Amino acid sequence: MSYAYLFKYIIIGDTGVGKSCLLLQFTDKRFQPVHDLTIGVEFGARMITIDSKPIKLQIWDTAGQESFRSITRSYYRGAAGALLVYDITRRETFNHLASWLEDARQHANANMTIMLIGNKCDLAHRRAVSTEEGEQFAKEHGLIFMEASAKTAQNVEEAFIKTAATIYKKIQDGVFDVSNESYGIKVGYGGIPGPSGGRDGATSQSGGCCS
Amino acid sequence: MQEAELHDLSDDADYAASQLQGSVYMTRSDSTKTSSTTEPEGAEVVYLKDNVTIHPTQFASERISGRLKLIKQGSSLLIMNWIPYKGQNSNARLSEKDRNLYTIRGVSFTDVRSIRRHTPTLGWQYIIVVMSSGLAFPPLYFYSGGVKEFLATVKQHVFLVRSAEDANVFLVNDFENPLQRTLSSLELPRAVSVANVPLPSTSTPLGELPPNENQDAGDGSRSSSSSLYNGRTRQKVHDPARDISIQVLEKFSLVTRFARETTSQLFRESLNNGFAVANERRAHGLSPVNSSHKLVHEAEKAPEEVPVAPDPIEFDKLTLVWGQPRQAPLGLEEWATYLDSEGRVMDSKALRKRIFYGGVDHHLRKPVWAFLLGYHAYDSTDAERDYLKRVKKTEYETIKRQWQSVSAEQAKRFTKFRERKGLIEKDVVRTDRSISFYEGDDNVNVHLLRDILLTYSFYNFDLGYCQGMSDLLSPILFVMEDESESFWCFVALMERLGPNFNRDQNGMHSQLFALSKLVELLDSPLHNYFKQNDCLNYFFCFRWLLIQFKREFEYGRVMRLWEVLWTHYLSEHLHLYVCVAILKRYRNRIMGEQMDFDTLLKFINGLSGGIDLDAILRDAEALCICAGENGAACIPPGTPPSLPIENGLLYAQQDDEVL
């Protein structure tokens with residue numbers, strides 16, 4: 001299937017926060033509690049539509065354990081978007097966000113769009129990180145923020161699409177030179193080569209933000 | 001399904017020639033049963049050196065020593081003989097047949113293309129004699145010196161010049177204008193790059209001629225400079241590629257014996273086999289050289305988008321000759337023949353060889369894996385092993401109690417324990433749950449995985465737990481079906497693979513480094529491609545190495561692969577040759593589709609579940625044999641799964657963040 005743009009995403013965050021489940025929920029619309037833990041990296045892809053344009057998301061789902069950070073860093077190259085995930089029921093996964101962010105800032109391109117996701121918001125009764133704290137962290141670091149649940153699918157679609165919409169807007173605004181693939185964006189058939197082709201800016205089709 | 005095709009080369013002119021070539025050598029060595037020192041009339045011994053030795057295997061201890069002679073016949077003919085001494089083999093396994101196989105008799109220097117001299121600062125000097133046919137003899141080690149005199153003597157009788165490319169290569173009867181040679185050598189970098197020039201493939205060690213003359217002149221991929229290569233014929237029109245050939249051939253010279261052995265084997269086998277490849281080649285109108293990958297590498301269905309530098313070692317033919325067909329797994333009756341009355345394995349090398357070629361029946365894995373992993377000694381008796389099992393069970397329980405006795409209060413103040421436990425608990429429920437052995441809620445085997453891993457993290461607190469370990473443990477528990485036995489087998493495996501999980505990833509990096517060196521040795525165009533595309537970190541092979549291809553094959557195949565790897569029969573590092581073999585299977589797609597790092601990583605990941613293990617093992621065996629010492633030299637000492645070099649601490653101290 002042809003696309004106007006292809007965006008490379010990377011999903012990062014501590015082990016067990018639900019990165020693979022978020023991906024599976026987004027690409028296959030299902031929740032699979034028993035899947036093999038991720039070694040290295042796994043891939044997923046899905047077409048979405050933004051501003052009536054078909055956009056392909058190529059998503060890299062990485063291993064979360066600390067030991068694999070050095071190899072994960074090599075995956076940042078050329079990512080247009082990152083989903084930084086923590087688990088609202090495990091405080092330490094929130095505490096580690098700063099170090100993930102540091103990696104991302106250091107190894108990804110400066111214009112990479114980062115979406116902070118507090119996953120497992122269906123487990124509100126075990127919540128260890130408040131929504132406000134998540135919002136605050138996102139605000140401080142210039143991230144988009146959502147709480148989501150890979151299990152119930154709440155906000156999963158939205159998170160991926162809102163990130164894409166933000167990237168798309170950056171293209172429209174001329175932030176990216178889309179002919180340079182190091183920004184994680186490939187122009188497909190029917191794509192508009194360069195920001196000049198943008199007519200009416202990004203119209204996000206994403207759903208509302210989680211509160 | 002590919003097997004029949006692979007054997008089928010009878011109509012191939014090159015192959016016929018190679019068989020002929022092989023047969024000549026066989027005849028030479030076999031026809032002479034006497035090792036008399038008498039020479040034909042009119043012959044004069046102009047050089048004689050004792051203690052010239054070959055090493056038929058990678059092991060320095062296995063050697064055949066003999067006497068090297070140069071004999072002048074008539075006015076201009078110089079003949080080389082090397083006759084092994086009788087009854088002085090270093091090793092009983094080197095049979096009389098081996099001696100005959102290696103004997104060099106009546107080799108005329110008119111058939112010699114070059115001699116390479118190796119003068120290592122440590123160790124013995126040796127030479128490699130490369131024939132015009134492309135066949136190379138095994139390195140001849142001069143234990144008592146004499147390489148210089150040897151070359152001087154040769155020079156007195158035949159035209160010998162130093163190669164312009166390499167001061168240690170002496171070309172025999174090369175009457176080319178030295179200036180021309182030097183100029184043409186400037187073209188070399190173009191020839192080896194991944195540009196559109198097909199690299200003139202070197203002769204296979206079968207003795208086949210370099211294939212330039214076979215190449216379809218109309219394949220359109222040749223750049224103008226390639227015309228330089230077209231003149232490669234027996235008439236010694238100079239061809240710089242020949243110098244490349246020399247180098248590549250030398251890499252194979254160690255294994256010349258395999259060529260000979262296998263050639264004779266193929267004679268026998270070919271009588272029984274149907275032959276189709278050559279016909280198919282004709283039907284497709286493809287030249288033998290260009291078609292080879294397409295025919296053998298069925299996986300490569302996609303059209304090539306750009307021309308690809310051909311495989312310099314004609315991988316498919318290599319495998320045909322050197323990769324033995326896989327055998328049926330070792331079964332119960334046969335297993336019994338390896339044991340003495342008290343249960344000792346009598347010939348562990350023979351056993352490992354047997355398993356290398358066929359693996360083990362599943363119901364035999366339990367006893368056999370314990371040996372392969374090093375948990376049981378091959379020379380232990382049944383009674384000793386029973387005793388060890390009881391002792392080790394107690395020892396395991398003791399270590400296990402260490403974490404079991406951590407109270408909730410204590411755990412509150414024991415962050416590292418809590419973190420490890422949490423991590424392990426998260427991971428065991430994400431390990432092979434689709435296998436019936438581990439499936440379902442509250443599965444007892446999943447609990448065992450947790451207990452063993454947690455106990456291991458206390459047994460080896462420095463290393464602790466790292467993701468990937470559960471993948472390695474899962475088949476072991478599945479096979480051993482016993483908590484303590486599984487633990488100790490896992491411990492034995494981690495003695496070798498522990499460095500994969502070091503925090504600084506040094507074990508992984510050393511393997512990735514060795515892999516890059518092996519690809520450079522065995523497929524330089526592919527290496528250059530990776531280099532140009534910033535892929536030399538080989539991270540795309542990370543998962544393969546970390547967990548020994550656990551995610552690349554289905555469960556049963558993984559167990560088969562592992563037991564083969566664990567034999568360490570040809571090399572401790574066969575897994576690296578498995579990597580090379582897989583990469584070579586897909587080299588044409590990788591380069592043809594001009595994959596960048598991201599695409600390559602995705603492509604390699606996607607191979608999971610689609611790799612033909614038997615074919616790859618055969619390829620890996622061939623590559624391992626061919627790479628010989630040069631391959632081994634690519635792999636730094638201590639690279640996993642070699643046992644770590646002792647330097648005090650087994651594992652680098654982990655910092656506080658370790659999980």
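Trainee: At what angle do helix α18 (residues 415-428) and helix α19 (residues 444-459) of chain B pack, and how far apart are their axes?

Mentor: In this predicted model, the angle between α18(B) and α19(B) is about 150 degrees, and their axes lie 9 Å apart. The crossing of these two helices is right-handed.

Trainee: How do you know which residues make the contact between α18(B) and α19(B)?

Mentor: Heavy atoms within 4.5 Å count as a contact. On the α18(B) side, Phe417(B), Arg420(B), Lys421(B), Ile424(B), Glu425(B) and Val428(B) take part. They meet residues of α19(B), including Val446(B), Leu449(B), Arg450(B) and Phe458(B).

Trainee: What classes of residue make up the contact of α18(B) with α19(B)?

Mentor: There are 8 nonpolar, 1 polar and 4 charged residues in it. Phe417(B) is counted as nonpolar because Phe belongs to that class, whereas Lys421(B) is counted as charged because Lys belongs to the charged class.

Trainee: Let us turn to the cavities. How many of 30 Å³ or more are there?

Mentor: The count is 11.

Trainee: What makes a residue part of the lining, and which residues lie nearest the centre of the second largest cavity?

Mentor: A lining residue has an atom within 4 Å of a cavity point. Here 14 residues qualify, and Arg496(B), Gln548(B), Trp566(B), His568(B) and Pro641(B) lie nearest the centre. By class, the lining has 9 nonpolar, 3 polar and 2 charged residues.

Trainee: Where in chain B does this lining come from?

Mentor: Helices α21 (483-497), α25 (555-566) and α26 (574-585) each supply at least two residues, with the largest share, 4 residues, from α21(B). Domain 2 (187-322 + 503-633) and domain 3 (362-499) of chain B each give at least three.

Trainee: Pro641(B) came up there. What kind of peptide bond joins Pro640(B) to Pro641(B)?

Mentor: A cis one, with omega about 5 degrees. Pro641(B) sits in the segment after α29 (613-633) of chain B.

Trainee: And in chain A, what is the phi of Asn155(A)?

Mentor: Near 65 degrees, a positive value in a residue other than glycine. Asn155(A) is in the loop between β6 (144-147) and α6 (156-172) of chain A.

Methods: Residues numbered from 1 in each chain as written. Chains lettered and ligands numbered in written order. Predicted model: local features only at pLDDT ≥ 70, side-chain atom pairs only at ≥ 80, totals over all residues. Heavy atoms only, no water. 1 Å grid on protein atoms, 1.4 Å probe; cavity = no way out; pocket = protein on both sides within 12 Å on 5 of 7 lines; lining within 4 Å. Points joined across faces, edges and corners; volume = space filled by probe spheres on them. Domains from an automatic or database assignment. Axes fitted to C-alpha atoms, helices over the stretch in contact; angles between N-to-C directions. Left-handed = near helix turned anticlockwise from the far one by under 90°.
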